[in-house]
Amino acid sequence: MQENNKKRARKPGLGQIVLSTLAGAIGVQSNKNREKDFQSGSMTHYVVAGIVFTILFVLTLILIVKTVLGNMG
């Protein structure tokens, strides 16, 4: 029982949050990791990471489109 509580008490680090966000974004997050994230992680951290990822993704797409269109003419 104590070992199970220790696993739940351990908070994911920044690297784990980033990896989980990226895996979730491209749809390859395993069920085991998703459950671990929900049990031990703070929802706020994952929401913020998701928002930051989305903003960076959209900005990257805008930059790519502007670069391609700028090279065409």
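## Packing of helices α2 and α4

In this predicted model, the axes of helix α2 (residues 14-26) and helix α4 approach within 10 Å and cross at roughly 60°. Axes here are lines fitted to C-alpha atoms, for helices over the stretch in contact, with angles running from 0 to 180 degrees between N-to-C directions. The two helices α2 and α4 are therefore oblique to each other; angles under 35 degrees count as roughly parallel, over 145 as roughly antiparallel, 65 to 115 as roughly perpendicular, and the rest as oblique. The crossing of α2 and α4 is right-handed, a term applied if the near helix is turned clockwise from the far one by less than a right angle.

G50 is part of helix α4. At 21% relative accessibility, G50 counts as partly exposed; buried means under 20% relative accessible area, exposed over 50%, and partly exposed in between (1.4 Å probe, protein chains only).

## Overall architecture and surface

Helices (H or I, at least four residues) and strands (E, at least two) are DSSP runs, numbered from the N terminus.

Of the 73 residues, 12% count as buried. The protein exposes about 6200 Å², of which carbon and sulfur atoms supply 66%; accessible areas come from the Shrake-Rupley method with a 1.4 Å probe.

A pair of aromatic rings is described by the distance of the centres and the angle of the planes. The count comes to 1 aromatic pair. The ring centres of F53 and F57 lie 6.0 Å apart and their planes stand at 20°, so the pair is stacked. Rings of Phe, Tyr and Trp (its six-membered ring) pair if their centres lie within 6.5 Å; planes under 30 degrees apart count as stacked, over 60 as edge-to-face and the rest as tilted.

F53 and F57 are 4 residues apart in helix α4 (residues 43-72), and are thus separated by about one helical turn. F53 is partly exposed at 27% relative accessibility, and F57 is partly exposed with a relative accessible area of 45%.

S40 belongs to helix α3 (residues 31-40) and is buried, with a relative accessible area of 8%. A polar atom of the S40 side chain lies 2.9 Å from the backbone oxygen of K36.

Q16 is located in helix α2 and is partly exposed, with a relative accessible area of 26%. The C-alpha atoms of Q16 and D37 are 9.0 Å apart in space, and these residues are 21 residues apart in sequence.

## Basis of the values

Residues are numbered from 1 along each chain as its sequence is written, and side-chain values use heavy atoms, with hydrogens and water left out. Because the model is predicted, local features need pLDDT of at least 70 and side-chain atom pairs count only at pLDDT 80 or more, whereas totals for chains, interfaces and linings use all residues.

Notes: Polar contact = N/O pair within 3.5 Å; in protein donor to acceptor, adjacent residues only side chain to side chain.
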